[in-house]
Amino acid sequence: MAVGKIKLHNIFHSSGQALLNLLLEERKAEFLPSIFYALREEGIPISFIVQLIAHNGSFILSLTTAQHYLNWVQAALQEGLDLSRSTTLRVQDNVTLITLYGPHLGEIPGIASRILSALVTDGVEVLAMSASLNSSLLVIPQESLAKSLRSLNRICEIPKK
Amino acid sequence: MPMKKIKVAGLRQVTNLSQVELSSLPMGLSQTAQILTLLAENGINLEFVVTHAQADATIDLAFGVHRNHIAAALGLLRGMRGKFDLEEVHSQDGVGMISLFPHGSRAAVIGNFLSAFKDAGIKLLTISFSLSAISGLLEESLIPDALNALSEYFELPG
């Protein structure tokens with residue numbers, strides 16, 4: 001059965017981002033609000049965040065910010081959470097955030113799988129993903145942007161008005 | 001420092017969800033894509049999907065399904081454990097999702113969102129982000145408490 005393209009309202013992308021991945025003890029999560037307030041006071045935008053408490057109790061956080069704010073955000077997390085050297089705070093420079101603004105994820109089965117399958121087929125590494133409600137956010141290496149857009153345009157279309 | 005209330009354009013709550021968590025999937029996402037495809041081909045809709053790369057070059061995948069699909073989803077995944085090289089399939093029933101559709105500063109929204117849950121002593125199982133909303137997954141029975149707490153930080157509609 002032929003499968004039609006996913007009809008989107010739009011595709012946005014924002015390059016010049018940095019991705020921070022953090023694995024920490026759950027009890028330290030209580031310090032996160034004050035860190036985000038500090039970021040807000042400095043006018044530092046957070047363009048993407050996902051958090052997961054794993055079944056083993058570990059607290060996993062991924063977020064992106066503009067590359068030029070990386071040092072500030074890294075220092076805020078390091079100091080605000082009193083991270084030891086053994087705590088995993090990984091940084092990936094020069095990533096792009098792609099946002100697919102389209103149909104509600106819960107209403108049409110297979111959107112996330114088609115998006116990921118298309119990117120995987122074309123060898124794009126998806127560093128993080130959050131898909132809910134009417135949008136899918138993908139963090140990819142910046143150098144994969146052109147390839148990613150080609151992949152996504154193969155399975156998605158933005159109907160002309 | 002408590003922030004002033006942030007106006008939100010809308011609030012959405014979904015109940016009767018189950019969360020499924022698969023950890024330590026191989027990097028490269030082909031298995032993740034295959035897993036999601038398997039669910040889609042069997043008509044299982046996902047309310048949200050979150051992936052996160054680990055330091056050991058593996059991927060954690062968490063997604064939410066409606067409770068009436070959880071038995072089928074777990075059956076499919078456990079039946080394919082060998083093919084997908086899954087260590088464990090963890091699930092939690094009785095969860096719900098609250099989504100806030102805010103205006104303005106994302107960092108302040110995240111700060112207020114986390115503060116509300118912290119004040120109420122409610123554990124956020126997962127946070128997902130979309131273009132217009134921030135969503136938190138929590139134990140369904142705690143949704144009324146969460147809404148009370150959120151009302152201290154956000155001007156909720158209605």
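This is a predicted model: local features need pLDDT of at least 70, side-chain atom pairs count only at pLDDT 80 or more; totals for chains, interfaces and linings use all residues.
I looked up Ile110(B) and found that, leaving aside residues up to four places away in sequence, it touches Phe36(A), Ile46(A), Ile49(A) and Ile134(B). Residues are numbered from 1 along each chain as its sequence is written, and chains are lettered from A and ligands numbered from 1 in the order in which they are written.

**Core.** I next looked up the largest nonpolar core, which has 92 residues; Val126(A), Val139(A) and Ile110(B) touch the most other members. The largest share of this core, 8 residues, comes from α4(B). Such a core is a set of buried Ala, Val, Leu, Ile, Met, Phe, Trp, Tyr and Cys residues joined through C-beta atoms within 7 Å. A residue is buried if 20 or more other C-beta atoms lie within 10 Å of its own, exposed if 12 or fewer, and partly exposed in between.

**Helix α5(B).** I turned to residues 143-150 of chain B, where the buried residues are Ala146(B), Ala149(B) and Leu150(B). They lie on the same side of α5(B) because they cover an arc of only 100 degrees around the axis, the arc being that of the directions from the helix axis to the C-beta atoms. Pro144(B) and Asn148(B) are exposed on the face turned away from the buried side. I recorded β4 (89-102), α4 (106-119), β6 (134-139) and β7 (154-155) of chain B among what covers the buried residues. Helices (H or I, at least four residues) and strands (E, at least two) are DSSP runs, numbered from the N terminus.

**Domains of chain B.** I found chain B divided into domain 1 (6-14 + 94-155) and domain 2 (18-93), with bounds from an automatic or database domain assignment. Their centres, taken over C-alpha atoms, are separated by 24 Å. In the contact, 9 residues of domain 1 of chain B meet 9 residues of domain 2 of chain B. On the domain 1 side, β4, β5 (126-129) and β6 of chain B each supply at least two residues, and the largest share, 3 residues, comes from β4(B).

Key
Two residues are in contact if their C-beta atoms, placed from the backbone, lie within 7 Å.
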